[in-house]
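Welcome to this guided tour. Please open the structure in your viewer and keep the selection tool handy.

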Amino acid sequence: MEVKDSNGAVLKDGDSVTLTKDLKVKGTSTTLKRGTLVKGIRLTDDPDEVECRVEKIKGLVLRTEFLKKA
């Protein structure tokens, strides 16, 4: 199973990615800004989603359509 970012680059566990869009985080008042660097992603069973940790938010799941490999 290959996981690809919005540009078609293959993602692997531990890669760093940047956000391509401002995203509101459900359940919090936090908004992740475009260009935010997310380090150390983990792949999930779903090829369209990755798990990561941003700022103080643990276990955040992001869709790969909003990510670009850094």
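Start by selecting D15, which counts as buried because its relative accessibility is 16% (buried means under 20% relative accessible area, exposed over 50%, and partly exposed in between, with a 1.4 Å probe and protein chains only). Before you go on, know that this is a predicted model, in which local features need pLDDT of at least 70 and side-chain atom pairs count only at pLDDT 80 or more, while totals for chains, interfaces and linings use all residues. Residues are numbered from 1 along each chain as its sequence is written, and side-chain values use heavy atoms, with hydrogens and water left out.

Which residue forms a salt bridge with D15? Select K69: the closest N and O atoms of the two are 3.6 Å apart (a salt bridge is a side-chain nitrogen of Lys or Arg within 4 Å of a carboxyl oxygen of Asp or Glu). This pair links distant parts of the chain, 54 residues apart: D15 lies in the loop between β2 (10–11) and β3 (17–19), and K69 lies in strand β10 (residues 67–69). Strands here are DSSP runs (E, at least two residues), numbered from the N terminus. K69 is partly exposed, at 36% relative accessible area.

Next, look at the sheet. Select β7, β8 and β9, three strands that form an open sheet in that order, with antiparallel pairing. β7 (42–43) and β9 (57–63) are at the edges with a single partner strand each, so one side of each has no neighbour in the sheet. Two strands pair if DSSP finds at least two bridges between them. β7 and β8 (residues 49–54) are joined in the antiparallel sense by two bridges. To see where they face each other, select L43, which stands opposite V50 in β8.

Stay here and show the side chains of R42 and E51. They meet in a salt bridge, 3.5 Å from N to O. R42 is partly exposed, with a relative accessible area of 42%, and E51 is also partly exposed, at 27%.

Now select E49, R63 and E65 together: a network of salt bridges links these residues.

For the last stop, go to K4 and E2. Their salt bridge has its closest N and O atoms 3.8 Å apart. Is E2 buried or exposed? E2 is exposed, with a relative accessible area of 54%, whereas K4 counts as partly exposed at 41%. How many salt bridges are there by this rule? The count comes to five.

Methods:
Helices (H or I, at least four residues) and strands (E, at least two) are DSSP runs, numbered from the N terminus.
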